[in-house]
Amino acid sequence: MVSETETSAIGNALVVLGAAGIVIPAFARFRLPPVIGFILVGLLVGPSGLGALAGDYPWLKHITIASTEDIALFAEFGIILLLFSIGLELSFRRLWQLRKLVFGIGAAELLLGGAILGGALWLVGGYSTPAAFGLGIALALSSTALVLPIAGTKSAVGRASFSMLLFEDLAIVPIIFILGALAPTAAAGGTEALLTTLWQGVVVVAVLAIAGWFLLPRIFAQAARAKDPELFLAASLLVVIVAAMATAAAGLSPIVGALLAGLMIAETEYHNEVEAITAPFKGLALGVFLISVGMGLNLKTIAEQWPQLIVAVVGVVAIKAIVTAALLRFSNVARRGTAAEVGLLMSSPSETTLIVLATALQAQIIGRDTAEFWQLVTAIGLTITPLLARIGHDIARRIEMRSEGARPEETPEGRTVVVGFGRVGHTVAELLREHDRPYIAVDADIDTVAAARRDGFIVRFADVARPGALDKLGIETANAIVLTMDDPVQQLRMTRQLRQKYPDLPIISRARDADHAATLYQAGASDAVPETLESSLQLAEAVLIDLGVAMGPVIASIHDVRAKMRHDIMTKGQLEREPRIRKLRPPIRTPQSDGT
């Protein structure tokens, strides 16, 4: 016999799964972020939506959720999985490189933003000092669950956002203890309890890191030998749950353990497999969290207090955006466009804001009406986060374009000119920058140009198909020009034009295949690299080695294929010399070459 509680739990699970099945494809069809869809579904099926009518229409119980608490546990697990997936994209080395951003900009953003918000509430709202502090620090937090899926962790915007969000996640425990110490009925041992939790947390994190270093490669190696994806999934979930439970037992947030679990697996060679297997669960779990956010929106209260809510949301967003952008800009951490985009992206409150508000209410620092009002502000802020991200992206693009327009034309003397900034042009520019070779890149996609500038690349907006566009780049003083566009006709035309105008200029062009390379050589290219050749050879090399063929014969066969390709291109292009087609391998580093 199934109990009523079990039936309700199964019904809630079915509602969430059904919402995911409808929202994700429907919003993808119209190219809209599913974040908004999940929040709207939560509003629709929640206690202030159709759930309020379940008493009059019993059949609605099967498609609604009675209260936020019914899926609170699933929402928390969703955030844990999200932090785990973020950890998979990072590494301890990368975290160490971000330490100045985390403990510098991250700490300044939280403390300064909290102080300004708290001061404004104390002056304008008439709150007491403890209440203003609690509300200010709560509203200064930003949403890890929404910001990182939007920004990622690899772009300039993503790196800055992640650094500040990581500090906020680490600061949750001290914030909760401080609020407890400010309570009217707080005991005198609050500081001692905080110190105990901190040293216990450090010990637990160290033990998890050491255990993960020795155990994880062995665990996932067994799963790999079994060639069973379910074992990878089970092992991954086990690692996440153990790490989250361990940090929770030490008094830290479970999300710290989840992030640590992701970092530990990221150091193994199995992280790509784990990331692919857990990706669907991450999206579903995030959807559960967003549905719970939508369920927290009370339409009746919003209708009654909409002027105050609008003022509060606009005030919080404006203060946080200005503080974050100013810190990033004046500390020379980010360009103006990047600082503006990060500021708006981080300007809404967070899911952890709800936790801090609940703690402040439990500690009797704020009243229930105050907590409910700012919970609504938080839910509205989370709802508009994708919109703020879109606005920030557009503003950043305009700032970057305006700064480029105001910059005087420079002659890129002695530089390499890279035409096209897709995946190939990006790689070429990255290597040129790594080896301190001057370059300038151009692209006709304004979004690509703006994104590249935010990442620190020297890229200009230019449509090379227009007459005279390349003349403004100082080709006559360039050391070389690299053509990486996708359009073979345009490549061929540009190669002919450049060779006629600049007979001694090295022209290196991307080619699709041997026939295209031969045509480019005939048009005057110095080097034409067939992009399909090396990928095919690498695949063949991997297959032969996995089949047990010795490395020597494999390498000899690959050299033969390259020689045949050179001969074919030479014949088709009527060349006097063989073209250079060779695989560049990184030099083998020895202790002597490292200086050790």
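This note sets out points on the sheet, the helix packing and selected local features of the structure.

1. Basis. The model is predicted, so local features are taken at pLDDT of at least 70 and side-chain atom pairs at pLDDT 80 or more, whereas totals for chains, interfaces and linings use all residues. Residues are numbered from 1 along each chain as its sequence is written, and side-chain values use heavy atoms, with hydrogens and water left out.

2. The sheet. Six strands form an open sheet in the order E3-E2-E1-E4-E5-E6, with parallel pairing. Strands are DSSP runs of E of at least two residues, helices are runs of H or I of at least four, and both are numbered from the N terminus; two strands pair if DSSP finds at least two bridges between them. Strand E3 (459-461) and strand E6 (527-530) stand at the edges with a single partner strand each, so one side of each has no neighbour in the sheet. The twist averages 20° from one strand to the next (axes are lines fitted to C-alpha atoms, for helices over the stretch in contact, and angles run from 0 to 180 degrees between N-to-C directions).

3. Strand E4. E4 (residues 480-483) is joined to the parallel strand E5 (residues 507-511) by three bridges, and E1 and E4 pair in the parallel sense over four bridges. Ile481 of E4 is the bridge partner of Val417 and is also paired with Ile507 in E5; Val482 has Ile508 in E5 as its bridge partner. In a regular strand the side chains alternate between the two faces of the sheet. In E4 both faces are covered, with Ala480 and Val482 buried on one side and Ile481 and Leu483 buried on the other (buried means under 20% relative accessible area, exposed over 50%, and partly exposed in between, with a 1.4 Å probe and protein chains only).

4. Helix H21. Seven of the 10 residues of H21 (residues 514-523) are buried, so the helix is largely enclosed by the rest of the structure. The buried residues include His516, Leu520 and Tyr521. Just after H21, Gly524 takes a positive phi of about 120°.

5. Helices H5 and H13. The axes of H5 (residues 99-125) and H13 (residues 299-330) come within 10 Å and cross at roughly 145°. Contact here means heavy atoms within 4.5 Å. Among the residues that meet are Ile105, Leu112 and Ile116 in H5, and Val316, Val323 and Leu327 in H13. The contact residues divide into 10 nonpolar, two polar and two charged (Ala, Val, Leu, Ile, Met, Phe, Trp, Tyr, Cys and Pro count as nonpolar, Asp, Glu, Lys and Arg as charged, and the others, Gly among them, as polar).

6. Salt bridge. The count comes to one salt bridge, defined as a side-chain nitrogen of Lys or Arg within 4 Å of a carboxyl oxygen of Asp or Glu. The side chains of Arg390 and Asp394 form this bridge, at 2.9 Å from N to O. These two residues are four apart in helix H17 (residues 385-406), and are therefore separated by about one helical turn. Arg390 is partly exposed, with a relative accessible area of 44%, and Asp394 is likewise partly exposed, at 24%.

7. Asp436. Most residues other than glycine have a negative phi. Asp436, however, has a positive phi near 55°. Asp436 lies in the loop between helix H18 (423-434) and strand E2 (439-443), and counts as exposed at 67% relative accessibility.
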